[in-house]
Amino acid sequence: MDLSIKCNIAAVEQNIQLAQERRAKRTGSTLMPVKLIAVTKNHSTAEMQQAIDCGLTAIGENRVQEAVAKYDVFQDQLEYHLLGHLQTNKVKQAVPLFDLIHSVDSEKLARQISRVAGELNKVQQVLLEVNVAGEITKFGVPLADALHFAKLVSELPNLVVSGLMTIAPHYDDPEATRPLFRSLYEKFIAMKQVSLPNCTMQWLSMGMTNDYPVAIEEGANMIRVGTAIFGARNYAIELTRR
Ligand SMILES: *Cc1c(COP(=O)(O)O)cnc(C)c1O
């Protein structure tokens, strides 16, 4: 077994705990649980197995194709999360596979998920992706439209809006993400208070390798970490394999 993955996970778990303590101290509340999603895109099933052996059960993938291939190996041992942009023509493959789809960013996509989930007698849990910084290169609805979008999506059958997700811009200084995370947390709390049908607003998915401690301090209860666990991704290998 590659000891580095084990050590990396221990370090991430330690950082999570410290960030939870800082948040608890600042808000004067008890420690809030944080769910760690191990992001395994561009990493092998052998590496995934090591993370599973260390007790991680929630796995995140970016692309449906890659997830389909890996899922064959693990089947129902895992909780499977789709993090990347989902095209409507991949929904048929995605819905049977994923416990949570983090990247619902259009009404068209939500309708297709609802339709396919209905055919499969599944209730699909989804997060709504919010583009907090308004970057033109990113998917997601603007922060100001999030509530309106949640209203549209939560009216669809066979689908539950379980929360919000964002991918913050990459800043060298993760402190720069703090106001963005804070504004999404405030939106999340405001939306929790509007009781919509089929809308639990349980999860706030924000924070990656570069910024997860800041995200937790600002109220994330689900973080998505790849590089800090598995090391840098080798995209060259991925390209030749495809
Ligand atoms: C790749 C990816 C992550 C993990 O990124 P790291 O920086 O490697 O931790 C998290 N979320 C999404 C949506 C991703 O695409």
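The largest pocket holds about 380 Å³ of space. That volume is the space filled by probe spheres set on grid points, joined across faces, edges and corners. A pocket here is an open set of points on a 1 Å grid over the protein atoms alone, where a 1.4 Å probe fits, with protein on both sides within 12 Å along at least five of seven lines.

Two notes on the source. This is a predicted model, where local features need pLDDT of at least 70, side-chain atom pairs count only at pLDDT 80 or more, and totals for chains, interfaces and linings use all residues. Residues are numbered from 1 along each chain as its sequence is written, and side-chain values use heavy atoms, without hydrogens and water.

Now the lining. There are 20 lining residues, with an atom within 4 Å of a point. K41, I167, M208, T209 and R233 lie nearest the centre of the largest pocket.

Where does the ligand sit? In the largest pocket, meaning more than half of its atoms lie within 2 Å of the grid points. Residues around the ligand, with a heavy atom within 4 Å, include V39, L83 and R224.

Next, polar contacts, pairs of N or O atoms within 3.5 Å. A polar side-chain atom of K41 is 2.7 Å from a ligand oxygen. For N62, the distance is 2.9 Å. For T227, it is 2.5 Å. Alone, the ligand exposes 390 Å², and the protein buries 91% of that, by the Shrake-Rupley method with a 1.4 Å probe.

Notes: A polar contact is a pair of N or O atoms within 3.5 Å; within protein, one must be able to donate a hydrogen and the other to accept it, and residues adjacent in sequence count only if both atoms are side-chain atoms.
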